[in-house]
Amino acid sequence: MTTTQDAGLKSAKLKELAERAGRELEDASALEILTWAAETFGRKFAVTSSMEDAVVAHLASRAFPGVDVVFLDTGYHFEETIGTRDAVEAVMDVNVITLTPRQTVAEQDARYGPKLHDRDPDLCCALRKVKPLEEGLTAYDAWATGLRRDESPTRANTPVVGWDEKRQKVKVSPIARWTQGDVDAYVAEHGVLTNPLLMDGYASVGCAPCTRRVAEGEDARAGRWAGRGKTECGLHG
């Protein structure tokens, strides 16, 4: 059997596993979902975090002490975001892994011109987020995200466990059924670290050039790529 055939069989088995788990764990708690992922995949499982908050990282550390937490340092983050990452690494039982793009911001500017994020945000996200994550997740069979169904229409059907066709991996979204109120309650109960910008008018925190504060009554993600049709960076679709 060729390596390609082996990879195809593995992907088929993982996809079947993901779809079955998505059905069976739909009503399970976030901690139960993460415990399943830890027991199923072991060190082949990682959590990704934008460091908007550390809720999923905290949950995962309870299910799997020492779990890998993958963070994408795009080179455009707010200082508060980098500070949140450093604090998570210092106080939680997790192993923070920072991924960086192949090019620095200066190198990207030299090749594509300055402020690519203003002229072609999709390309900027592809270079600084999507590609680095694809490369960084190579060693894992499953990864966890903090996606929630209530965040936006594009996320309304997020399964608690699903199949990431693009990366051929199991994708775990343990808090998919949570509301913002659930997140706030968990943060308060466990004293979980959150990005200070959430207390300064930002409802969703991404790269500094493409993130603004939101007004009262606006959608939580209205501050991301404001004024554009873009609503996602490409990591989740």
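**View 1. Val 170 of strand S6 is the bridge partner of Ala 142.** The model is predicted: local features need pLDDT of at least 70 and side-chain atom pairs count only at pLDDT 80 or more, while totals for chains, interfaces and linings use all residues. Residues are numbered from 1 along each chain as its sequence is written, and side-chain values use heavy atoms, with hydrogens and water left out. Strands S4 and S6 run parallel and are joined by 3 bridges. Val 170 in S6 is also the bridge partner of Trp 163. Strands S5 and S6 pair in the antiparallel sense, over 4 bridges. Two strands pair if DSSP finds at least two bridges between them; strands (E, at least two residues) and helices (H or I, at least four) are DSSP runs numbered from the N terminus.

**View 2. Strands S5 and S6 form a hairpin with 4 residues between them.** Gln 168 lies in the loop between S5 (161–164) and S6 (169–172). Its phi is positive, about 60 degrees, although Gln 168 is not a glycine. Most residues other than glycine have a negative phi. Gln 168 counts as partly exposed because its relative accessibility is 31%. Buried means under 20% relative accessible area, exposed over 50%, and partly exposed in between (1.4 Å probe, protein chains only).

**View 3. Lys 115 is found in the loop between helices H5 and H6.** The phi of Lys 115 is near 55 degrees, a positive value in a residue other than glycine. With 52% relative accessibility, Lys 115 counts as exposed.

**View 4. Helix H7 has a kink of about 35 degrees, centred on Leu 127.** The bend at a residue is the angle between axes fitted to the seven residues ending there and the seven starting there. H7 covers residues 121–136; at 1.5 Å a residue, its 16 residues should span 22 Å, and the end C-alpha atoms are 21 Å apart, which agrees. The expected span is 1.5 Å times one less than the number of residues. Buried residues in H7 include Pro 121, Arg 128 and Leu 133. Among the elements that cover the buried residues are strand S1 (45–48) and helix H6 (116–119).

**View 5. UniProt, in an unreviewed entry, places a "binding site" at Cys 124, Cys 125, Cys 207 and Cys 210.** These residues span 87 residues in sequence, yet no two of their C-alpha atoms are more than 10.8 Å apart, so they gather at one spot. UniProt annotations may be inferred rather than shown by experiment. Cys 125 lies in helix H7 and, at 8% relative accessibility, counts as buried. Cys 210 lies in the segment after helix H8 (180–190) and, at 16%, also counts as buried.

Note on methods:
Contact means heavy atoms within 4.5 Å.
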